[in-house]
Amino acid sequence: MTGREWGGEAGGGVGRPWDEPSAEGRGDPFDDALALANGRAPLRVGPGEGPKITTVTAPYAAGGAVAAASSATDGGGDAPYTPDDPFAPDDPAAARSGPSGPVDPAPPTGPGPRPTPAAVPWHTARRLAERAAPGPLAPETSALGATLGRTLAAPLTALTDLPSFDTSAMDGWAVAGPGPWRLDQPADASEAGPPSGILAGHASTEALLDGHAIPIATGARVPSGATAVLRSEHGEVRELSDGGRRLYAPRPAPPGQDIRPRGQECRRGDQLLPAGALVTPAVLGLAAAAGYDELTAYRRPRGEVFVLGDELLDEGLPRDGRIRDALGPMLAPWLHALGVEVAAPRHLADEADALYAALAESTADVVITTGGTASGPVDHVHPTLRRLDAEVLVDGVAVRPGHPMLLARLAPRRYLVGLPGNPLAAVSGLLTLAEPLLRTLTARRPAAPYRTPLAAAVTGHPRDTRLIPVSYRDDERHGLTAVPLRFHGPAMLRGIAAAEGLAVVPPGGAERGTELEILELPWPAGWSAGWTPGWAAPGDPYGPPEATGGRA
Ligand SMILES: Nc1nc2c(c(=O)[nH]1)N[C@H]1C(S)=C(S)[C@@H](COP(=O)(O)OP(=O)(O)OC[C@H]3O[C@@H](n4cnc5c(N)ncnc54)[C@H](O)[C@@H]3O)O[C@H]1N2
Ligand code: MOO
């Protein structure tokens, strides 16, 4: 299969900057990685190039004897930590690993030892995930509020001038010509009560005569003939002997003062935002101001989360060797922030048939599984994908934590991201594979590349990229730096919970002061905060009991 065929499903109608040829060229590294991920020989692998197939020697060990021997110091192992705050300096013992061991080249049909293609480099995996889908899902026209977090499928064009009439910017008087002015009352002013003048929303049809003034409120339509607005604190009203009143100003009121002219912000037909803009709360406000009741935005992908693991509990304290599910509560809102319409996570029993049935029945655009990606006795993800004849696009990534993560195409335009069960490894898989895939499906733009110097050295993995939670520090001496956080073991969430991003540490590590790429987390801006899924009461990540779909 060529690279073009591989990305060749019907497109979604937007320009795709990612179609540009990459520095790695088209076809070869991607096709080779894809072929190997599906247990086929790469199209062409020159001497010393490309991934290699090795053979498993130890039961359930994806990495064989060498991986088992190195597990205490592998990115998959947890370095010893003192109970300390997560902002303490990184522990250099935290990320060392031996090379992958040999594996059997023939794919077995059940869980356990299996051929393991050498992991795809981290940046390549992200690009494969970004290109896995041919483009965004179909655009849909929805009520304004329903488009929050989606991407505009068409430019936002002003349906009206803004402001749509000459508007008073201040409370005071509309005046015509130079002062002093004879003070009028609007025709509908009541005899009793204080003079209100022209209020916002009450269009005056009477022209203001030269030398006259009329009270006006902020936001009210300025009457024709008015040349300026005089603020209430800048004028003085004096009673006249004829019963009338006169308005005096200590300074002249230049023409146009405190009037927002019609069309100041935009003219009808002006483009306010291009197609591809993310619908934020501010965009909703702008669209409403510009006259929109609904918007056309790309549909959110429908996502399902299948949480695998007989050891997982939905509530209470860990007990009897069982632990709380940390991933269901975390992934649903995180996926929502990435643009997914996510169903209540379902726990599935560690049974191959349960996973097979769930995947075969799912109609979601994107299925996320957690756990079961390795080669243990109940790790059913790989065998089930083979049983479903899914096309594995990425099978293992050279990143710590999270290296057993995978990406597969279940059917045209339906995808599965297999996240490892260790919670921080799952976060790594989410940002490495799910985020770029979802970015394409939702037509979101990639975050601007962002690099920040490290506040402290970070030990690297000898061959793999490392993702490490960081928090920003800004001080006069060093400026903005990224502080590596502790508690970044694959099974830990304490570091990431305190983090503002994940630093991308190259193989071999990075010295203090090295500028590293930072993966932003979707919530620092906080715009998706407060989301309550339709399927769950606050604090109940699994929704109603009938939606849990399995035992806890
Ligand atoms: N022999 C080897 N064993 C393992 C290797 C290896 O290379 N050789 N890799 C390790 C790494 S690294 C990871 S990551 C895990 C991936 O395993 P799975 O994806 O199959 O995940 P599980 O075995 O189901 O679970 C791993 C771990 O995570 C806990 N877990 C699972 N789900 C949850 C959840 N929803 N909330 C909280 N914790 C969860 C589970 O109890 C296990 O402790 O494989 C290693 N093994
Ligand atoms: O260390 Mo594993 O890498 O938890 O993915």
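## Strands 8 and 9

Strand 8 covers residues 181-183, and strand 9 covers residues 212-216. In this predicted model, the two strands pair in the parallel sense, over 2 bridges. Leucine 183 has alanine 213 of strand 9 as its bridge partner. In general, strands of a sheet pair through backbone hydrogen bonds, either parallel or antiparallel.

Strand 9 also holds proline 215. Is proline 215 buried or exposed? Proline 215 has 24 other C-beta atoms within 10 Å, so it counts as buried; the cut-off for buried is 20 or more. Serine 232 lies 17 residues from proline 215 along the chain, yet their C-alpha atoms are separated by 8.7 Å.

## The sheet around them

Which strands make up the sheet, and in what order? The order is 10-7-9-8-12-11. These 6 strands form an open sheet with mixed pairing. Strand 10 (228-231) and strand 11 (236-239) each have a single partner strand, so they stand at the edges with one side lacking a neighbour in the sheet. On average, neighbouring strands here are turned by 35 degrees against each other, direction ignored.

## Strand 29, a covered strand

Gly501, Ala503 and Val505 point one way. Leu502 and Val504 point the other way. Residues on both sides are buried.

Which strands pair with strand 29? Strand 27 (residues 465-475) pairs with strand 29 in the antiparallel sense, over 5 bridges. Here isoleucine 468 stands opposite alanine 503.

## Two nonpolar cores

In soluble globular proteins, nonpolar side chains tend to be buried together. The largest nonpolar core in this model has 97 residues. Val394, Leu407, Ala408, Tyr415, Val417, Leu437 and Ala503 have the most contacts inside it. Helix 9 (residues 423-442) gives the most to this core, with 11 residues.

Leaving aside residues up to four places away in sequence, its contacts include Ala129, Ala132, Leu393 and Val394. Leucine 407 also touches Tyr415, Val417, Leu433 and Leu437. A second, separate core has 21 residues, among them Val175, Val229, Ala249 and Ile259.

Most residues other than glycine have a negative phi, and most peptide bonds are trans. Where are the exceptions? A cis peptide bond joins glycine 179 and proline 180, with omega about -5 degrees. Proline 180 lies in the loop between strand 7 (172-175) and strand 8. Another cis bond runs from arginine 400 to proline 401, with omega near -10 degrees. Proline 401 sits in the loop between strand 23 (397-400) and strand 24 (406-411).

Aspartate 389 is not a glycine, but its phi is positive, near 60 degrees. It is found in the loop between helix 8 (381-387) and strand 22 (391-395). Aspartate 389 has 8 C-beta neighbours inside 10 Å, so it counts as exposed. Arginine 413 also has a positive phi, about 65 degrees. Its loop lies between strand 24 and strand 25 (414-419). Arginine 413 has 17 other C-beta atoms within 10 Å, so it is partly exposed.

## The chain as a whole

The chain has 552 residues, and 43% count as buried. Its secondary structure comes to 10 helices and 30 strands. Take the contacts with a separation of 6 or more: 74% of them join residues 24 or more positions apart.

An unreviewed UniProt entry lists residues 304-440 as "domain: MoaB/Mog". Over residues 304-440, the chain is 34% helix and 29% strand. The end C-alpha atoms of this stretch are 18 Å apart.

The mean pLDDT of the chain is 79, and 71% of its residues reach 70 or more. Over residues 1-30, the pLDDT is below 50; this stretch has 37 contacts in the model beyond near neighbours in sequence. The pLDDT is also below 50 over residues 42-108, which have 146 such contacts. Where pLDDT is low, the predicted coordinates should not be read in detail. For the complex, the predictor gives an ipTM of 0.98 and a pTM of 0.77.

Terms used:
Residues numbered from 1 in each chain as written. Chains lettered and ligands numbered in written order. Predicted model: local features only at pLDDT ≥ 70, side-chain atom pairs only at ≥ 80, totals over all residues. UniProt positions renumbered as here; feature names shortened; annotations may be inferred. Helix = DSSP H or I, 4+ residues; strand = E, 2+ residues; numbered from the N terminus. Pairing = 2+ DSSP bridges. Axes fitted to C-alpha atoms, helices over the stretch in contact; angles between N-to-C directions. Core = buried A, V, L, I, M, F, W, Y, C linked by C-beta atoms within 7 Å. Buried ≥ 20, exposed ≤ 12 C-beta atoms within 10 Å, placed from the backbone. Contact = placed C-beta atoms within 7 Å. pLDDT = per-residue confidence, 0-100.
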